[in-house]
Amino acid sequence: MSTQLIHNYDFRLVTPACHPDAIFFCVYVDLQDDISEVLPFINTELGSYNYDHSARVLLCNGKDKRKYAFRPHEIVVAPVECREDAQELVNDIIDTINDIWNRRNGIEPNFEGKRTPPNVLDIYKLLPKSNCKECGFPTCMAFAAALRNDPGIVPLCPYLSQVDYMELVSRE
């Protein structure tokens, strides 16, 4: 038997506060139903780049290149071009959540979030701070910033200990 987790909702388009002159919108879906219970299943099915089970917040990147934020009574999606785009998107995400809810008995819930990359300054502290450019970056700070986003470049710095870096990453 199919049951809906989400029965009633409203949505609104908002210009992003951080981009007041943006040509796109964020869509806020206000839910009357609490979707907290389905978040670990959404995490499994859609994957996330950050899930905090205790705070009941799941953030993920969609295959459609949009950013999604799921909270107990709210879903936020960006970018959205227009109201028609938003309506179609909202219908799709509500259908997806209800589908995941109905299939939850066959889905292994994932309560784990992905680790936050280490702080750029903490990475910088592991570097020689000599700006030698042997890594191909103009400064050690530039290398630290790039390393935060791409751990695969660790070997580019001949002075960075892989062991020290892995220790830093495991602490985060």
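Does Phe143 count as buried or exposed? The points below take up this matter and several others; the model under discussion is a predicted one.

1. Phe143 has a relative accessibility of 1%, so this residue counts as buried. The cut-off for a buried residue is under 20% relative accessible area. Phe137, by contrast, reaches 24% and therefore counts as partly exposed.

2. Two aromatic pairs are found when the whole structure is searched. One of them joins Phe137 and Phe143: the ring centres are 5.6 Å apart and the planes stand at 65°, so the arrangement is edge-to-face.

3. Tyr68 and Phe70 also form a pair. Their ring planes meet at 10° and their centres are 6.2 Å apart, so these rings are stacked. Both Tyr68 and Phe70 are buried.

4. Charged side chains also sit over aromatic rings. Arg104 is placed over the face of Trp101, 3.6 Å from the ring centre. The charged end of Lys129 lies over the ring of Tyr124, at 5.6 Å from its centre.

5. Helix α1 (residues 39-46) packs with helix α2 (residues 83-102); their axes are 10 Å apart and form an angle of about 105°. The two helices, α1 and α2, are therefore roughly perpendicular to each other. On the α1 side the contact is made by Phe41, Ile42, Glu45 and Leu46, and on the α2 side by Thr96, Ile97 and Ile100. Sorted by class, the residues in the contact of α1 with α2 are five nonpolar, one polar and one charged.

Terms used:
Residues numbered from 1 in each chain as written. Predicted model: local features only at pLDDT ≥ 70, side-chain atom pairs only at ≥ 80, totals over all residues. Heavy atoms only, no water. Phe/Tyr/Trp six-rings, centres within 6.5 Å; stacked < 30°, edge-to-face > 60°. Buried < 20%, exposed > 50% of the residue type's maximum accessible area, 1.4 Å probe, protein only. Lys NZ or Arg CZ within 6 Å of the ring centre and 35° of its normal. Axes fitted to C-alpha atoms, helices over the stretch in contact; angles between N-to-C directions. Helix = DSSP H or I, 4+ residues; strand = E, 2+ residues; numbered from the N terminus. Parallel < 35°, antiparallel > 145°, perpendicular 65-115°, else oblique. Contact = heavy atoms within 4.5 Å. Nonpolar A, V, L, I, M, F, W, Y, C, P; charged D, E, K, R; others polar.
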